[in-house]
Amino acid sequence: ANSEYQISVVETELAGMGLETERFSFTDTNDVTSVTQKACDECDVLYIPTDNTAAANTEAIANVVIPAKVPVIAGEEGICAGCGVATLSISYYDLGVATGKMAARILKGEDVSTMPVEYAPNFTKKYNKEICDELGITMGTSHHEPLCRAGEEWQRIYKNYSESNAWNFISNRDGITKFWEDGIKRNKDFEYKIIGITRRFV
């Protein structure tokens, strides 16, 4: 059901952009390779949602998509690490914390029928350098991600760099500078780099 929902959302978004989609499904591990090959033969890019069968067979998928030069956008970071080029992924740790807090509220007597649906609090953009290199894909950063780091990432890990979470270079220069420096260091092995160093001004 979760995979079906993700696919429906992606199909709607892509249709709005004028892009055609086609669904390919495997029933178990035995047909992963053949279904992936058929998808590669008919598509320019593949999207794989969060799916247990796909997660358990990323090597088999990679063995098809990489020679075919077809990039995979993954629904979660585990699949991306095995066969994808990029993902906008939830943190299962953060999701577990949110679930634990909901369970605590229920144990304290809160009526579960009145509790709102909770969602993952953060999403993380990740990409797979090795597969990008093999496919000849150059990953750049946007004007909103100076020096390979984004403000939303800062809000999750600022304590590694500063006591303050202020995303303000005037008041928090040292912390943000260290944050940006680590962004460059973690990308040091990339053969080709497109790195944003400025932001828009208003």
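Colleague: Which element gives the most residues to the lining of the largest pocket?
Modeller: In this predicted model, the largest pocket has a volume of about 1,700 Å³. The elements that contribute two or more residues to its lining are helix H1 (2–16), H2, S1, S2, strand S3 (86–90) and helix H6 (92–107). With eleven residues, the element that gives the most is H1.

Colleague: How do the residues of that lining divide into nonpolar, polar and charged?
Modeller: The lining of the largest pocket holds 48 residues, and the closest to the pocket's centre are Ile7, Val10, Tyr47, Ile48 and Pro49. Sorted by type, the lining residues come to 27 nonpolar, eleven polar and ten charged.

Colleague: Which element supplies the largest share of the largest nonpolar core?
Modeller: This core has 23 residues, of which Leu46, Ile48, Ile61 and Val65 touch the most other members. At least two residues each come from helix H2 (32–42), strand S1 (46–48), helix H4 (58–68), strand S2 (72–74), helix H5 (77–83) and helix H7 (129–135). The largest share, five residues, comes from H4.

Colleague: Which residues does isoleucine 61 touch, not counting residues up to four places away in sequence?
Modeller: Ile61 is among the residues of the largest nonpolar core that touch the most other members. Once residues up to four places away in sequence are set aside, the contacts of isoleucine 61 are Val32, Thr36, Ile48, Ala54 and Cys83.

Colleague: How many residues form the other core that lies apart from the largest one?
Modeller: Trp154, Tyr158, Ile176 and Phe179 are among the members of this other core.

Key
Residues are numbered from 1 along each chain as its sequence is written. This is a predicted model: local features need pLDDT of at least 70, side-chain atom pairs count only at pLDDT 80 or more; totals for chains, interfaces and linings use all residues. Side-chain values use heavy atoms; hydrogens and water are left out. A nonpolar core is a set of buried Ala, Val, Leu, Ile, Met, Phe, Trp, Tyr and Cys residues joined through side-chain atoms within 4.5 Å. Buried means under 20% relative accessible area, exposed over 50%, partly exposed in between (1.4 Å probe, protein chains only). Helices (H or I, at least four residues) and strands (E, at least two) are DSSP runs, numbered from the N terminus. Contact means heavy atoms within 4.5 Å. On a 1 Å grid over the protein atoms alone, a cavity is a set of points where a 1.4 Å probe fits but cannot get out, and a pocket is an open set with protein on both sides within 12 Å along at least five of seven lines; lining residues have an atom within 4 Å of a point. Grid points are joined across faces, edges and corners, and a volume is the space filled by probe spheres set on the points. Ala, Val, Leu, Ile, Met, Phe, Trp, Tyr, Cys and Pro count as nonpolar, Asp, Glu, Lys and Arg as charged, and the others, Gly among them, as polar.
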